[in-house]
Amino acid sequence: MNRISTKLTAYFFVTVLIMETSLMLYLHRNIIDSRTEEEFNRLLANGSNHRDVLTAYYSETTMKHIVLMEKDGDREVLITDARGEIISSSAEPEERLKKYLPPLDTINATEDQILYADWKDMPYIISVHPYQVASGPSGYVIMFQSTTSIKHLVAKLNMHFGLAGVTSVAALFIIYAFLSKFLTRPLIRMKEATEKLSKGDFDVSLPVIGKDELGELSGSIQKLAGDLERLTVERNEFLAATAHELSTPLTYLNGYSKVARRQGIQEEERNRYLDIIAEESERMKELVHNLLDLAKVDENSFTVSKESFLARAFIRDVIKLVEPSFAVKKMGLEVVMDEDFKIYADPVRLEQILLNLLDNALKYSNEASAVTLEVYKKEERTVFRITDSGLGISKQDLPFIFERLYRVEKSRSRSLGGSGIGLSVVKELVEAHGGSVEVTSQLGQGSTFTVTL
Ligand code: ADP
């Protein structure tokens, strides 16, 4: 009873049963009532006809004619005198009919009427028609109509209705099979698929089953399996990349600190080693910083405390931070800002956003290329646009670059020091400000990132 198809069929069955039973009872009763009514009316009409003829031409010959007329049909007739003595009868012996009547001298009918209407238990329905010849004899014409034909009709009706009942039960079984095939089985497969997913097995293959709700659900589960698989792969790659990223500077730190500690080396040489140690520890700090931000994104615990500050001085400070790295790569960094104005944002977070985007522009550009940072006001909002003429991003990758851990061409990104976190952090920070970030890019020609706060 736990299967949805069984439940649906059971509900359906009960509904159909109630509807069909009431409809059948109504039809059954109506058909039989109108058929018996017809029989009663015909019997009364025949009886009154005979009575009229008898009253008009009362004689033994007339009685014989009346009896003869009813001899071979499924009707019988009895003619009695006023005392109830049978004068003429179509049945021989007449006792065959008489036994269905009350004592004839007790019949006291003044007009045509049905004497017995019980067609179910009696072999005849009976009508009585009093006659009175003008100043002469009187009595009754009693008509008998066999109930066999009505009983036949009822038996036939019962059979047809029974057949309709059996057919609807068969139809219900077909519906059950249909529901089971198109509803229960796909649901069971989906249940099994989700169980597999929860155990970490993403090798799920659900059949395409149309565009209805079930089809959509199946499609969503299939997509979920794909997404989970991709996320797992990305996570593993990310962990490997992070471990790699951390191990390289750690190796340098370890090696160069040992060398720098040695006695007897020149001051200049020691300084070179210390520079390397400082540079590598800076890289590590940045990576750990990004990792911490990512963890905060996951916990939803980013805090943004907005304040008003002047744009020019703020941008100048940001540029100061990145200029040395741009100089190392012989790249130009141009700032386009016509007038000074106030920015309303979290300065620490905004710096993080711009540093991430400028760092990407630097990382994914060739030596000696140019990067532009435009800053301007647009309808009460501040727009920061960073344009580079570097490697660019392909159309296929573009929709995903803001996803966490997504890296275009993993090897390229890794060799350039990327870990796939920067842009997702940027997006979260921008959205925490109630702003938006957009990108346009052409592979091999460069990219433009636009932040609106
Ligand atoms: P990563 O730490 O790998 O740079 P990001 O989230 O910052 O991670 O960027 C995601 C991916 O988008 C990168 O792997 C890189 O390939 C691509 N990308 C980001 N910025 C640029 C850019 N300015 N030019 C070309 N590719 C970019």
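1. In this predicted model, the axes of helix H8 and helix H10 (residues 422–432) cross at roughly 150° and come within 9 Å. Since angles over 145 degrees count as roughly antiparallel, H8 and H10 are therefore roughly antiparallel to each other, and their crossing is left-handed.

2. On the H8 side, the contact with H10 is made by Arg349, Gln352, Ile353, Asn356, Leu357 and Asn360, and on the H10 side by Gly422, Leu423, Val425, Val426, Leu429 and Val430. By class, the residues of this contact comprise 7 nonpolar, 4 polar and 1 charged.

3. Helix H8 (residues 347–363) also packs with helix H7 (residues 311–328), at an angle of about 30° and with the axes 10 Å apart, which makes H7 roughly parallel to H8. The crossing of H7 and H8 is right-handed.

4. The contact of H7 with H8 involves Phe314, Ile315, Val318, Leu321, Val322, Ser325 and Phe326 of H7, together with Pro347, Leu350, Glu351, Leu354, Leu355, Leu358 and Leu362 of H8. These residues divide into 12 nonpolar, 1 polar and 1 charged.

5. Turning to helix H2 (residues 60–69), Thr62, Met63, Ile66 and Val67 are buried; seen down the axis of H2, the buried residues fall within an arc of 135°, so they line one face of the helix. An α-helix has 3.6 residues a turn, so residues three or four places apart point the same way.

6. On the other side of H2, Glu60, Thr61, Lys64, Leu68 and Met69 are exposed, whereas the buried residues of H2 are covered by elements including helix H1 (4–56), strand S1 (75–81) and strand S2 (86–89).

Note on methods:
Residues numbered from 1 in each chain as written. Predicted model: local features only at pLDDT ≥ 70, side-chain atom pairs only at ≥ 80, totals over all residues. Heavy atoms only, no water. Buried < 20%, exposed > 50% of the residue type's maximum accessible area, 1.4 Å probe, protein only. Helix = DSSP H or I, 4+ residues; strand = E, 2+ residues; numbered from the N terminus. Arc of directions from axis to C-beta. Contact = heavy atoms within 4.5 Å. Axes fitted to C-alpha atoms, helices over the stretch in contact; angles between N-to-C directions. Parallel < 35°, antiparallel > 145°, perpendicular 65-115°, else oblique. Left-handed = near helix turned anticlockwise from the far one by under 90°. Nonpolar A, V, L, I, M, F, W, Y, C, P; charged D, E, K, R; others polar.
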